[in-house]
Amino acid sequence: MIPRNALYSIPYYNKAAFTGSYLGMRYKLEKIKGDGDTADTLKATVWPGPFCFDATPEEQKEAESFDFSDDGITAACSWFNQKYQEQEALYSSIHL
């Protein structure tokens, strides 16, 4: 499982996106800037490895939005772990 402390705190996401991998599953957490009417959010994305985000077809990616807060990071971490558990057979075959 991906531990919460593997993901950085909010100030990091003001400057950069974070990518990582876990047993064949690749993941990305990034800030999505809100417009004047909407708040900033965190976008969490997962996809099967071995390729990077830009080299992976969009149809292989799954994304979810979370509050731009420490609680949002915690929720995104839980979502990453849930997605891994749902597709463990796929990801573990990539990890071999």
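1. Four strands make an open, antiparallel sheet in the order S1-S2-S3-S4; strands here are DSSP runs (E, at least two residues; helices are H or I, at least four), numbered from the N terminus, and two strands pair if DSSP finds at least two bridges between them. The edges are S1 (18–22) and S4 (62–67), each pairing on one side only. From one strand to the next, the twist averages 20 degrees.

2. Before going further, a word on the source: this is a predicted model, where local features need pLDDT of at least 70, side-chain atom pairs count only at pLDDT 80 or more, and totals for chains, interfaces and linings use all residues. Residues are numbered from 1 along each chain as its sequence is written, and side-chain values use heavy atoms, leaving out hydrogens and water.

3. S1 and S2 (residues 25–32) run antiparallel and are joined by five bridges. Tyr22 stands opposite Met25 in S2.

4. Helix H2 (residues 70–86) packs on the sheet and touches S1, S2, S3 (41–48) and S4; contact means heavy atoms within 4.5 Å. The direction of H2 makes about 15 degrees with that of S3, using axes fitted to C-alpha atoms (for helices, over the stretch in contact) and angles from 0 to 180 degrees between N-to-C directions.

5. Leu42 lies in strand S3. Leu42 is buried, at 0% relative accessible area; buried means under 20%, exposed over 50%, and partly exposed in between (1.4 Å probe, protein chains only).

6. Along the sequence, the pattern is α-β-β-β-β-α-α. Buried residues make up 35% of the 96 in the chain.
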